[in-house]
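This report goes through a few parts of the structure in turn, beginning with the surroundings of one residue. The sequence and the model are shown first.

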Amino acid sequence: MGTSSSTLQNMEIARFMDNNEKFKAFVMESNTKKGIKIIDKSFLDDGDVFVKISFSSFNYKDGLAISGKTPILRKFPMIPGVDFCGKVINSSNKSFKKGDKVILNGWGVGENHTGGFSQFARVKSKWLIKLPKKISEKQSMIIGSAGYTAALCAILINENVKKKDGKILVTGASGGVGSIVINLLSNLGFQTVALSAKNKSYLLKLGAVEVIDRKDYKIAKKPLEKQKWAGCIDTVGGEILSSVISEIKYNGIIASTGLASSHLLHTTVYPFILRNITLAGVDCVYADKSKRIKAWNLLERKLDFSKLDFIKSEKNLSDLKTLSAKILQGKIKGRTLIKIGT
Ligand SMILES: NC(=O)c1ccc[n+]([C@@H]2O[C@H](COP(=O)([O-])OP(=O)(O)OC[C@H]3O[C@@H](n4cnc5c(N)ncnc54)[C@H](OP(=O)(O)O)[C@@H]3O)[C@@H](O)[C@H]2O)c1
């Protein structure tokens, strides 16, 4: 009789914990020297929980980190990868036990603590949350940090805008955050308008009621333009965000969460003091645990999981350098799953 795959996995984990078993990770030695490397657990930063990673995902920040052009990584060598899911293989914290399925998003992992583009991770238990029951490991990383950020943004809109107030604009709509927030907001009953340079039918299928081609969007010239949007999720910054601020309706709110176009923002105080609008920052990296659980609960309840196959691409550690160049050129649509587990 052959050995079952779970027995083999247990043997592999026992070897990993007892010896300096070797495994694969994508390592940045410096901003220019990078690639897949065989390492052992002494390479991993400290923590009270070891996780065998099943999947990671490719986020915009990973693109910045791997490109080496923006100072995302705080020390070298470093394993990038800002998120992962997997199974606990060893824990000295009683909240987690062997076999628990966990997710990690942010907390500086993949920036200043060895990250998710690796077969194993060692992290702080306070950074982990248990995988929600209705979400599989694979689905959790199709969603990934971009999708969890989308949920934080959707919560902000849902708590501050009434559906009857009007439409919600989503910029960078075909990207990871945009694709998921369109679906979530639509399923919450909001009318979403996608601003995108990509394929219209993709965005309509996710739930957008209208798509504005980015080349047809006129950048506002005046501080107060015609009032168009009850709210906005902005993932691009720069002149698009400046323009949207002057188009937000009285009492409206903008979730500023990204800079895919630019980190710059030129605006005036007029829309804030004359239209009572709010520009609210949304950060996923250091959001507290209760916010994270609320966001993952919203995803569990309101995301249309049948759309995940439609928005995902599957890639491997060997694809990371190519992905990095593509995401920084705005060429990636939807979400990219990184397959790690054996
Ligand atoms: N604050 C946080 O905690 C947090 C968390 C996650 C992500 N983010 C940030 O949010 C942003 C989006 O992340 P993502 O995962 O959605 O990235 P993504 O998948 O690369 O999507 C970004 C989208 O922005 C649009 N875009 C790209 N370049 C542009 C340009 N020059 N001008 C206008 N639009 C442009 C493109 O969409 P279209 O072709 O459809 O227009 C692109 O697909 C990034 O800046 C990321 O760092 C922040």
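## Surroundings of Asp-45

Leaving out residues up to four places away in sequence, Asp-45 touches Lys-75, Met-78, Asn-112, His-113, Thr-114 and Arg-122, where contact means heavy atoms within 4.5 Å. The model is a predicted one, in which local features need pLDDT of at least 70 and side-chain atom pairs count only at pLDDT 80 or more, while totals for chains, interfaces and linings use all residues. Residues are numbered from 1 along each chain as its sequence is written, and side-chain values use heavy atoms, with hydrogens and water left out.

Asp-45 sits in the loop between strand 2 (34–39) and strand 3 (49–58); helices (H or I, at least four residues) and strands (E, at least two) are DSSP runs, numbered from the N terminus. Its relative accessible area is 17%, so Asp-45 is classed as buried, a term that means under 20% relative accessible area, with exposed over 50% and partly exposed in between (1.4 Å probe, protein chains only). The side chain of Asp-45 also makes a polar contact with the side chain of Lys-75, at 3.0 Å. A polar contact is a pair of N or O atoms within 3.5 Å; within protein, one must be able to donate a hydrogen and the other to accept it, and residues adjacent in sequence count only if both atoms are side-chain atoms.

Apart from neighbours within four places in sequence, Gln-191 is in contact with Lys-167, Ile-168 and Val-209. In strand 9 itself, 5 of its 5 residues are buried: Thr-192, Ala-194 and Ser-196 point one way, whereas Val-193 and Leu-195 point the other way.

Strand 8 (residues 168–171) runs parallel to strand 9 and is joined to it by 4 bridges, two strands being paired if DSSP finds at least two bridges between them; within this pairing, Val-170 stands opposite Ala-194. From strand 8 the chain passes through helix 4 to strand 9 in a right-handed β-α-β crossover, which is to say that, with the strands pointing away from the viewer, the path from the first strand over the helix to the second runs clockwise. Strand 9 also pairs in the parallel sense with strand 10 (residues 210–213), over 4 bridges, and Asp-213 in strand 10 is the bridge partner of Ser-196. The crossover from strand 9 through helix 5 (residues 200–206) to strand 10 is right-handed.

## Cysteines

With a disulfide taken as a pair of cysteine sulfur atoms within 2.5 Å, the count comes to 0 disulfides. The sulfur of Cys-232 has its closest cysteine sulfur in Cys-153, 9.6 Å away, which is too far for a bond. Cys-284 is in no disulfide either, the nearest cysteine sulfur, that of Cys-153, being 9.2 Å away. Cys-232 is buried, with a relative accessible area of 0%, and Cys-284 is buried at 12%.

## Around the ligand

The ligand is surrounded by 28 residues, of which the closest are Ser-174, Gly-176, Ser-196, Thr-257 and Cys-284; a residue is near a molecule if one of its heavy atoms lies within 4 Å of it. An oxygen atom of the ligand is 2.7 Å from an N or O atom in the side chain of Ser-174. For the side chain of Lys-198, an N or O atom is 3.0 Å from an oxygen atom of the ligand, and a polar backbone atom of Ala-260 is 3.4 Å from a ligand oxygen atom.
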